[in-house]
Amino acid sequence: MSDWAAQAAGDLFQSAPCGYLITKDDTTITAVNDTFLVWSGHAREQLIGRKLTALLPADDRALYITYCQPLLAMTGAVNEIALDILNYSGEQRAALLTANRSHGTTTGEPVVRVVILGSYEQQFHERALLAAGRAAATSPTGRADAETRLTHLAQHDPMTGLLNRVGLTALLHRLFLTPPIDRSRPALLFVDIDHFSSINNCLGHSAGDELIVVVAQRLRAALRHLSTLARPSGDEFVIVENVTDTAELIVLAERLLERVHVPVSIDGVDVMPSVSIGLAVAGPADTVNELFRNAETAMHRAKSAGRNTWQLHDPLTLDPTVDRLRIIDELREGIGRGELQVHYQPRVDVATGRVHGAEALVRWQHPIRGLLTPDAFIDIAEKSGLIHELGARVLDDAIAQVTSWNRARANCPPLEIAVNLSARQLADPTMVDVVVDALSRHDLEPWLLTLEITETALMINPDEALRALTALRALGVVLAIDDFGTGYSSLTYLKRFPVQELKIDRSFVAGLGIDTGDTAIVASCIQLAHAVGIRAVAEGVETVAQQQALVALHCDLAQGYFLGRPVPPERFPVTGPTGVPGPAA
Ligand code: C2E
Ligand code: CA
Ligand code: CA
């Protein structure tokens, strides 16, 4: 890192409007900034040498140890975890914790950098106090400058001087709130450096830092003066543009690829940097999060396509042979004609191997195109509003089906049924009535119904989601977070929302037993669920080895092709065992 960057980082550490701590791997605190001292009331000498975990109440300490520490060790980062921190008088203060782990430049020992954000009001108050304290020694203009500098530091990355994630998010929200003056729409280019971790591992972290700075400079030089370039994290950059046509974006992406892909000497080694770029244009109903996610997904497609290339996310043109408006009409008619069917995938008790219940997965028996899976039409149903009718039908069918199975099972424990809810359904104020109606029509006990909501759906509007979930929970139904681990602030949501089930995303289950990172993540998710007293469900189990690993990890439920594919109701194994081994005999 250059001198100015080191100086800026030092400034940021002491005066940033958020608490900073540096700890060792075992959480022993080695440095702390003034803001944290003001916020917590602790004196510096009380904190240095003490463990960060000693500042957490018992349940948060357990969460830090079972979730944050393994994740830091495996991935080097945890983001925005909601925790309480004990202040000097032992009171709990709500905070958001973000941490990064890397190897210190001087010692080579791992260093964990922890950022603590207090709640908004607290922060505002304390920033004012801090500024007032400093102001005693400075002129009024000096104070204004200091405030501007603090804001600047909080929103910028000290290494490249670019906007950081906080700054980028603030900018995007402002952009989405501003009505367009022409036909242009916000668009993102999500840029990720190829093979960055190999360079970091082979040449060291300072070489990695240098490469980031070089790529940042090259990207900047290839952009128009007014374009925004941000570095939300690690080796990722985001460019914000306003475009009227996707062709403009593609031209820009091509230019960026060309400018970055020029040799550079780093630490005496010739490196040929390249990047993968995901492009996404905001649809009329898209939120900031959706746009961000679409661009990121497209970037991953560019990686899969061989790197040093771009991919465009555009649901309208994903399948150019299909006219979207026609599909909406067809779907509306299809729902009316009863072309939607529900298939059921067994959810199996990991310890015993018995079928515990089923997840309802919708299918569309299209008169010409055959049996379609949800990827082909859920997005269209959501955007057109047909999701409400579709969702209500799936819910009704699934509840009717499980009630009829349970009647046939008489003396066995009743099967449970899990149904997916989309973000739009969650935002619908009549959703609670739809669920109440369906339960009472078929006389199903509410605890036999699980509603699965993806982590991303919860993030679109967390306050609204919390209200909806609280109302649904009051009915006695079980709530599950689906695709857990794929969103940004998993633990925050788990603590905040009244959920009783955590479904570990199948992308992590895929690496179970093969990839140490995935294995550690699955293990921590299970421990985390158990630490907060809820059940863990693994999805996408495809091999006996994965199933055995889940038995050893004491996962509660599992589903996947190995245990049973989604099937029409008449082929569902209602009474028989799945034939799946439970714990080794
Ligand atoms: P999901 O909730 O994550 O559902 C699991 C998906 O993984 C299903 O895909 C299932 O067929 C697939 N799957 C199950 N086991 C395995 C496995 O071992 N390996 C692999 N590779 N895949 C497996 P499907 O049925 O295509 O559903 C896709 C998504 O569509 C679902 O993801 C869910 O988010 C959504 N969806 C399905 N039915 C409904 C519905 O009735 N309403 C709403 N709103 N969304 C639905
Ligand atoms: Ca699901
Ligand atoms: Ca899932």
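A salt bridge here is a side-chain nitrogen of Lys or Arg within 4 Å of a carboxyl oxygen of Asp or Glu. Lys503 and Glu539 form one, with their closest N and O atoms 3.7 Å apart. Lys503 sits in strand β19 and Glu539 in the loop between β20 and α22, 36 residues apart. Helices (H or I, at least four residues) and strands (E, at least two) are DSSP runs, numbered from the N terminus.

This is a predicted model, in which local features need pLDDT of at least 70 and side-chain atom pairs count only at pLDDT 80 or more, while totals for chains, interfaces and linings use all residues. Residues are numbered from 1 along each chain as its sequence is written, chains are lettered from A and ligands numbered from 1 in the order in which they are written, and side-chain values use heavy atoms, with hydrogens and water left out.

Is the Lys503 side of this pair buried or exposed? Lys503 counts as buried because its relative accessibility is 0%. Glu539, at 8%, counts as buried too. Buried means under 20% relative accessible area, exposed over 50%, and partly exposed in between (1.4 Å probe, protein chains only).

Now follow the strands around this pair. β19 (residues 501-504) runs parallel to β20 (residues 535-538), and four bridges join them. Two strands pair if DSSP finds at least two bridges between them. Leu502 stands opposite Ala536 in β20. On its other pairing, β20 meets β21 (residues 557-558) in the parallel sense over two bridges. There, Ala538 has Ala558 as its bridge partner. The chain passes from β20 through helix α22 (residues 544-552) to β21, and this β-α-β crossover is right-handed. That means that, with the strands pointing away from the viewer, the path from the first strand over the helix to the second runs clockwise.

In a regular strand the side chains alternate between the two faces of the sheet. In β20, Arg535 and Val537 point one way, Ala536 and Ala538 the other way, and all are buried.

Glu416 lies in β16 and Arg535 in β20, so the pair ties together parts that are 119 residues apart in sequence. Glu416 is buried at 13% relative accessible area. Arg535 counts as buried at 18% relative accessibility.

These residues belong to something wider. A network of salt bridges links Arg347, Glu359, Glu416, Glu452, Glu501, Lys503, Arg535 and Glu539. The count for the model comes to 19 salt bridges. One of them joins Glu333 and Arg337, at 3.8 Å from N to O. Here Glu333 counts as partly exposed at 43%, and Arg337 as exposed at 53%.

Glu359 and Glu452 also turn up at a metal. Which residues coordinate the calcium ion (ligand 2)? They are Glu359 (OE), Asn420 (OD1), Glu452 (OE) and Asp482 (OD), at 2.1 to 2.4 Å. Donors are N, O and S atoms within 2.8 Å of the metal (3.2 Å for Na, K and Ca); water is not among the atoms, so sites may look incomplete. Along the sequence, the donor residues are spaced E-x60-N-x31-E-x29-D. Asn420 is in β16 (residues 416-421) and Asp482 in β18 (residues 478-484), 62 residues apart. Asn420 is partly exposed at 29% relative accessibility, whereas Asp482 is buried at 6%. Asp482 also coordinates the calcium ion (ligand 3), which is 4.0 Å from the calcium ion (ligand 2).
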